[in-house]
Amino acid sequence: NSIISPNVDDTQFTTLSPGENDGVVYEGNELHPICSFGTPYHYFVKKGTVNKVVMYYQGGGACWDTNTCVTIGTFDKDVNPAGSDNPNNTTTGFGDLTNPNNPFKDWNIVFVSYCTGDIHFGDANRSYNGNPTRHRGWHNARTAEKWAREHFVAPDEVFVTGSSAGAYGAFFNAPLHLEVWPQAQFSVLGDAGNGIITSDFLNN
């Protein structure tokens with residue numbers, strides 16, 4: 001079911017909100033997009049005026065145990081569609097659609113937001129000291145990919161990128177996108193992904 005001209009705005013980002021219980025089916029898998037502690041997942045899309053696609057993976061830390069996931073929480077746990085997570089509220093970089101020097105201002109953009117602590121590639125439910133935690137980054141990312149695949153059928157160029165945790169999201173998901181759009185000119189850029197966590201940081 002391919003829709004070449006998506007019913008989304010070409011002047012700003014549109015918020016899409018798949019529900020966990022909707023059971024998004026993609027490539028034989030039933031996806032349940034949600035944030036780690038049960039808040040709704042949202043991602044953002046903008047239609048461009050050229051046949052090119054940016055897949056951007058938002059940063060926001062990572063977690064792997066009680067200390068990092070619950071006690072101090074070293075990751076962004078929610079997606080706020082009205083706040084700083086919404087790229088409409090960004091005034092720099094590719095989000096600044098009014099900047100003539102922005103090379104992506106006319107591209108189709110899928111902003112894959114982040115709230116699962118698993119660098120956009122988790123598929124597990126865990127309990128840390130009695131706190132249920134959903135590492136569903138793979139579900140969330142694949143839900144966004146499904147939408148992109150159905151709406152941008154044969155782009156001439158695809159640019160996959162992300163910052164911090166999103167750099168790893170770009171690395172892990174880019175091969176999947178290459179299978180979706182094998183005819184496209186393809187580029188991948190991971191920005192600021194080499195995070196260094198010290199014992200002092202975690203303990204103090």
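Reader: Why is F104 called buried?

Author: F104 has a relative accessibility of 17%, and buried means under 20% relative accessible area (exposed is over 50%, partly exposed in between, with a 1.4 Å probe and protein chains only). So F104 counts as buried. A heads-up: this is a predicted model, where local features need pLDDT of at least 70, side-chain atom pairs count only at pLDDT 80 or more, and totals for chains, interfaces and linings use all residues. Residues are numbered from 1 along each chain as its sequence is written, and side-chain values use heavy atoms, with hydrogens and water left out.

Reader: What makes F159 buried or exposed?

Author: F159 has a relative accessible area of 16%, so F159 is buried too.

Reader: Why are the rings of F44 and F111 called edge-to-face?

Author: Rings of Phe, Tyr and Trp (its six-membered ring) pair if their centres lie within 6.5 Å; planes under 30 degrees apart are stacked, over 60 edge-to-face, the rest tilted. The centres of F44 and F111 are 5.8 Å apart and their planes sit at 70 degrees, so this pair is edge-to-face. F44 and F111 are both buried.

Reader: What makes the F104 and F159 pair tilted?

Author: Their planes are 40 degrees apart, with 5.0 Å from centre to centre, and that makes a tilted pair.

Reader: How do you know that the charged end of K77 sits over the ring of F75?

Author: The rule wants NZ of Lys or CZ of Arg within 6 Å of the ring centre and within 35 degrees of the ring normal. The charged end of K77 is 5.0 Å from the centre of the F75 ring, and it does sit over that ring.
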